[in-house]
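Here's a quick tour of a helix packing, with a few side stops along the way. Have a look at the sequence and the model before reading on.

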Amino acid sequence: YNTWIPQTLYNGEQTIRLIFRHELTHALMFYYKGLLGSITTTLFGDSADLSKHLHYLQFITEGMAVYLESFDKRGRLNNPLFDKLRIQAAIENININYLDASGSMDIYPGGNIPYILGGEFFKWVAEKYGEELLSVFILDIAENVFAFPQNAYKKHFNSSLYDDWNSF
């Protein structure tokens, strides 16, 4: 994995460590596969894992990476300037749903939304339901081609993704 360094990570001595943790989260999320994913990736390569294409909405992949990069009181979720989009949207009563945070929003700041709102959402989910349940949810959608995020969310959190996103 390689990436350009976003300005929100220019915070001194920890920049490389935070980027490494972010990209390592992506690598780990894509590592876990179910039986079908193991078969298809063995035959056709890593890009053939159907579960990832179906279930890893952009707010899930980038949100989990931002959440975990911020795990030790560093990273973007601990930078008050990073949260300005969410706060401004709340002040202006703008509803950004999880599909908007997955790439369906075609206006600025669309490119930042999966990172900002996805990370904040998973922080909220971990505080509400616990980190262990959050990791079980992520593993379920990674390993099970039939565990669509909305259904897996309901299964593990006993609440709908839509309702919790709106509460968040």
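This is a predicted model: local features need pLDDT of at least 70, side-chain atom pairs count only at pLDDT 80 or more; totals for chains, interfaces and linings use all residues.

## Two helices at an angle

Let's start with a pair: α4 and α6 are roughly perpendicular to each other, a label for angles of 65 to 115 degrees, with under 35 being roughly parallel, over 145 roughly antiparallel and the rest oblique. The axes of α4 (residues 58–69) and α6 (residues 113–129) cross at roughly 70 degrees and come within 7 Å. Those axes are lines fitted to C-alpha atoms over the stretch in contact, with angles from 0 to 180 degrees between N-to-C directions. On the α4 side, the contact (heavy atoms within 4.5 Å) uses Gln58, Phe59, Ile60, Glu62, Gly63, Met64, Val66 and Tyr67, while α6 brings in Pro114, Tyr115, Gly118, Gly119, Phe121, Phe122, Lys123 and Ala126.

## On to α7

Next, α6 and α7 (residues 131–143) have axes that come within 7 Å and cross at roughly 125 degrees, so this pair is oblique. Phe122, Val125, Ala126 and Tyr129 of α6 meet Glu131, Leu133, Leu134 and Phe137 of α7. That contact has seven nonpolar residues, no polar ones and one charged.

## A stop at Arg86

Arg86 sits in α5 (residues 84–91). Is Arg86 buried, exposed or partly exposed? With a relative accessible area of 28%, Arg86 is partly exposed, since buried means under 20% and exposed over 50%, with partly exposed in between (1.4 Å probe, protein chains only).

Leaving aside neighbours within four places in sequence, Arg86 touches Leu117, Glu120 and Phe168. Ile96 is ten residues from Arg86 in sequence, and their C-alpha atoms are 9.0 Å apart.

## The whole chain

Zooming out, the chain has nine helices and zero strands, taken as DSSP runs numbered from the N terminus (helices H or I, at least four residues; strands E, at least two). Of the 168 residues, 45% are buried. Among contacts between residues at least 6 apart in sequence, 69% join residues at least 24 apart.

Residues are numbered from 1 along each chain as its sequence is written, and side-chain values use heavy atoms, leaving out hydrogens and water.

Conventions
Ala, Val, Leu, Ile, Met, Phe, Trp, Tyr, Cys and Pro count as nonpolar, Asp, Glu, Lys and Arg as charged, and the others, Gly among them, as polar.
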